[in-house]
Amino acid sequence: MLSVSSIVPSLVNASAQQRIPVQPAAEKQGAESFSSMLTNAAQQVNTLQNNAASQARSFVLGQTNDIHSVMIASQKATVALELTTQVRNKVLDAYQEVMRMSM
């Protein structure tokens, strides 16, 4: 399951005048890097997609009669893919907005 966590919780309570030293997230308390977090999320979506396809194949071949688990797996994969697509769209929008900013 994809999890959403706050990216920079220390910045929320910081005042605008206070300078905050920037450290990579991987150095703070053993946190994983942003790229590894994205890789893990993509792998989880891929796993959900493969599981849904496998269960659907089993149902079509008559190896199982449990349509409920097939539909649940299919919906989980669909929601995970839609979430991934929306996150990607938001990241691209943010990148484009930053690129439009004048220096």
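Buried means under 20% relative accessible area, exposed over 50%, and partly exposed in between, using a 1.4 Å probe and protein chains only. Keep that handy for the exercises below.

This is a predicted model, where local features need pLDDT of at least 70, side-chain atom pairs count only at pLDDT 80 or more, and totals for chains, interfaces and linings use all residues. Residues are numbered from 1 along each chain as its sequence is written, and side-chain values use heavy atoms, with hydrogens and water left out.

**Exercise 1. Work out how far to trust the model.**

Step 1: pLDDT is the predictor's confidence in each residue, from 0 to 100. The chain averages 79, and 70% of its residues reach 70 or more.

Step 2: Over residues 1-18 the pLDDT is below 50. Beyond near neighbours in sequence, that stretch has 11 contacts in the model, a contact being heavy atoms within 4.5 Å.

Step 3: Where pLDDT is low, the predicted coordinates should not be read in detail.

**Exercise 2. List the secondary structure and check the helix lengths.**

Step 1: Helices (H or I, at least four residues) and strands (E, at least two) are DSSP runs, numbered from the N terminus. Here you get two helices and zero strands.

Step 2: The expected span of a helix is 1.5 Å times one less than its number of residues. For α1, with 27 residues, that should give 39 Å, and the end C-alpha atoms are 39 Å apart, so it agrees.

Step 3: Now do α2. Its 34 residues should span 50 Å, and the end C-alpha atoms sit 49 Å apart, which agrees.

Step 4: Just after α1, look at G62, which takes a positive phi of about 80°.

**Exercise 3. Find what is buried and what it packs against.**

Step 1: Of the 103 residues in the chain, 6% are buried.

Step 2: In α2 the buried residues are V70, A73, A77 and A80, and they pack against α1.

Step 3: Take Q55, found in helix α1, as a test case. Leaving out residues up to four places away in sequence, Q55 touches S69, V70 and A73. With 23% relative accessibility, Q55 counts as partly exposed.

Step 4: Pick a C-alpha pair too: Q55 and D66 are 11 residues apart along the chain, and their C-alpha atoms are separated by 9.3 Å.

**Exercise 4. Explain the placing of the salt bridge.**

Step 1: A salt bridge is a side-chain nitrogen of Lys or Arg within 4 Å of a carboxyl oxygen of Asp or Glu. The structure holds one.

Step 2: E97 pairs with R100, the closest N and O atoms being 2.7 Å apart.

Step 3: Why is the spacing about one helical turn? Because E97 and R100 are three residues apart in helix α2.
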